[in-house]
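Thanks for making the time this morning.

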Amino acid sequence: MNVRPLFGGVKKLWVIKDAAVSLYRANPRVANAFTGCVTFSLGDALAQRLEAKRTGNDAKFDVWRSVHLGVLGIAMNGFFLHHWYHGLDRIVGSSMTSRVGVITKVIADQLIYAPFAIVSFFYFTSARKATSVADANQSFLRKMDSNFMSTFLADCAV
């Protein structure tokens, strides 16, 4: 086995990490938006592959679905999360060494932000496929009825 490419790959990962840290220091909102775009898009690409495997359906990869979810990632991470965490820091404090502060932030995150993010995701995906506002609302309500609690509990477990 030739280990040289492996070490070259690790070195490239460090370069990417250093670039991400530099971007975050220069403009945290842009860095968060970029991270959200990449993670939401890649997460959707993985979900599409898993869906195709699970159903045995070799449907064509839906690029626009991943692009749309990338846009949602920009909004959620670049705007909402940015302001959410700054607000938590102002209210609770920014110390990561205070156990009470960290626990308070985790609880607030799970009880306030997580439901907001889940509802936003469900509505966004419902509206993306809908032909009308009424259709989007009906699809959203069905998703909320059937998937909200299991999604919320999975989020809490993570």
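This is a predicted model: local features need pLDDT of at least 70, side-chain atom pairs count only at pLDDT 80 or more; totals for chains, interfaces and linings use all residues.

Residues are numbered from 1 along each chain as its sequence is written, and side-chain values use heavy atoms, with hydrogens and water left out.

Let me start with the charged pairs. A search of the whole structure gives 4 salt bridges, a salt bridge being a side-chain nitrogen of Lys or Arg within 4 Å of a carboxyl oxygen of Asp or Glu. One of them joins Arg65 to Asp44, with the closest N and O atoms 2.5 Å apart, and this pair links distant parts of the chain, since Arg65 is in helix H3 (residues 63-92) and Asp44 in helix H2 (residues 28-55), 21 residues apart. Helices here are DSSP runs of H or I with at least four residues, strands are runs of E with at least two, and both are numbered from the N terminus.

Are the two partners buried or exposed? Arg65 counts as buried at 19% relative accessibility, and Asp44 counts as buried at 4%, where buried means under 20% relative accessible area, exposed over 50%, and partly exposed in between, with a 1.4 Å probe and protein chains only.

Arg65 also forms a salt bridge with Glu51, at 3.2 Å between the closest N and O atoms. Glu51 lies in helix H2 and Arg65 in helix H3, so this pair ties together parts that are 14 residues apart in sequence. Glu51 itself is partly exposed, at 33% relative accessibility.

Then there is the salt bridge between Asp62 and Arg128, at 3.1 Å from N to O, which links the loop between H2 and H3, where Asp62 sits, to Arg128 in helix H4 (residues 99-129), 66 residues away. Through shared partners, salt bridges join Asp44, Glu51 and Arg65 into one network.

Next, the aromatic rings. What does the count of aromatic pairs come to? It comes to 7 aromatic pairs, where rings of Phe, Tyr and Trp (its six-membered ring) pair if their centres lie within 6.5 Å, and planes under 30 degrees apart count as stacked, over 60 as edge-to-face and the rest as tilted. Phe80 and Phe116 form an edge-to-face pair, 5.2 Å centre to centre with 70° between the planes, and because Phe80 lies in helix H3 and Phe116 in helix H4, the pair ties together parts that are 36 residues apart in sequence. Both are partly exposed, Phe80 at 34% and Phe116 at 34%. Phe121 and Phe122 form a tilted pair, with 6.3 Å between centres and 55° between planes; Phe121 is partly exposed at 33%, whereas Phe122 is buried at 6%. Ring pairs also link Phe79, Phe80, Trp84, Tyr113 and Phe116 into a cluster.Finally, the histidine: His82 is found in helix H3 and counts as buried at 11% relative accessibility.
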